[in-house]
Amino acid sequence: MRTIAVGLLAFMLSPLALGASHDLKTFISEHDLNHDGSVSKEEFAQERERLFAAMDTDHDGGLSHDEYVGDYRKRLMSTNPEAATVQRQMRQAEVRFKVLDSNKDGKISPAEYAYSGWRMFTHHDAKNDGAVSIEDEGAKKAQEDKEDKGDAAK
Ligand SMILES: [Ca+2]
Ligand SMILES: [Ca+2]
Ligand SMILES: [Ca+2]
């Protein structure tokens, strides 16, 4: 029982899990358009715009539930996942849609999409120099160490 729980946790934390742009290396490989090892704000904005346009299949300038969740399902199914994985990942996609649609009008607007994108960008840009590269990993670790010590001191 315990082994299963640990295995599941390891799987959930795996950077291979879809939609894992939270992982720094995945983030860089997905957005570094000119392959110089660093994601500039321009590159990030360009890639986000491209993704948004690709998902907005009826071109009305917003992502409906079907467009956002449907696109995710399509990408997920192309990896031949197990049924349990599909169920879990799709549940997470539903949650993401609700979070992204911050004004709850049933559509993700470009501004809502951009907002979540820049939150992710600044999250990764630990050095806060306006670009995301693997150097930010070291900076992030240093930051977390500091926070850990701060917590311990409380
Ligand atoms: Ca670049
Ligand atoms: Ca649309
Ligand atoms: Ca909205």
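What follows is a walk through this structure, from overall fold to single residues.

The model is predicted. Its mean pLDDT is 87. Of its residues, 83% reach a pLDDT of 70 or more. One stretch calls for care: over residues 6-20 the pLDDT is below 50. Beyond near neighbours in sequence, residues 6-20 have eight contacts in the model. Where pLDDT is low, predicted coordinates should not be read in detail.

Start with the secondary structure. The protein has seven helices and four strands. Along the sequence they run α-α-β-α-β-α-α-β-α-β-α. The protein has 154 residues, and 14% of them count as buried.

Turn next to helix packing. Two packed helices are described by the angle between their axes and the distance between the axes. Two pairs are taken here.

Helix 3 covers residues 41-55, and helix 6 covers residues 110-124. Their axes come within 11 Å and cross at roughly 140°. The crossing of helix 3 and helix 6 is right-handed. Helix 3 brings Phe44, Arg48 and Phe52 to the contact. Helix 6 meets them with Pro110, Tyr113, Ala114, Gly117 and Phe121. By type, the residues of this contact are six nonpolar, one polar and one charged.

The second pair is helix 4 and helix 5. Helix 4 spans residues 65-77, and helix 5 spans residues 83-100. They pack at an angle of about 150°, and their axes are 10 Å apart. Angles over 145 degrees count as roughly antiparallel, so helix 4 is roughly antiparallel to helix 5. The crossing of helix 4 and helix 5 is right-handed. From helix 4, the contact takes in His65, Tyr68, Val69, Tyr72, Arg73 and Leu76. From helix 5 come Val86, Gln89, Met90, Ala93, Glu94 and Phe97. The residues of the contact of helix 4 with helix 5 divide into eight nonpolar, two polar and two charged.

Leaving aside neighbours within four places in sequence, Val86 is in contact with Leu76 and Pro81. Arg73 is 13 residues from Val86 along the chain, and the C-alpha atoms of the two are separated by 8.2 Å.

Ala126 takes us to a loop. That loop runs between helix 6 and strand 4, which is residues 131-133. Ala126 has 19 other C-beta atoms within 10 Å. The threshold for buried is 20 or more, so Ala126 counts as partly exposed. Which residues does Ala126 touch, not counting those up to four places away in sequence? They are Asp136, Ala139, Lys140 and Gln143. For Lys140, the C-alpha separation from Ala126 is 5.3 Å. Along the chain, Ala126 and Lys140 are 14 residues apart.

Conventions: Residues are numbered from 1 along each chain as its sequence is written. Chains are lettered from A and ligands numbered from 1 in the order in which they are written. This is a predicted model: local features need pLDDT of at least 70, side-chain atom pairs count only at pLDDT 80 or more; totals for chains, interfaces and linings use all residues. Axes are lines fitted to C-alpha atoms, for helices over the stretch in contact, and angles run from 0 to 180 degrees between N-to-C directions. Helices (H or I, at least four residues) and strands (E, at least two) are DSSP runs, numbered from the N terminus. A crossing is left-handed if the near helix is turned anticlockwise from the far one by less than a right angle, and right-handed if clockwise. Two residues are in contact if their C-beta atoms, placed from the backbone, lie within 7 Å. Ala, Val, Leu, Ile, Met, Phe, Trp, Tyr, Cys and Pro count as nonpolar, Asp, Glu, Lys and Arg as charged, and the others, Gly among them, as polar. Angles under 35 degrees count as roughly parallel, over 145 as roughly antiparallel, 65 to 115 as roughly perpendicular and the rest as oblique. A residue is buried if 20 or more other C-beta atoms lie within 10 Å of its own, exposed if 12 or fewer, and partly exposed in between; C-beta atoms are placed from the backbone. pLDDT is the predictor's confidence in each residue, from 0 to 100.
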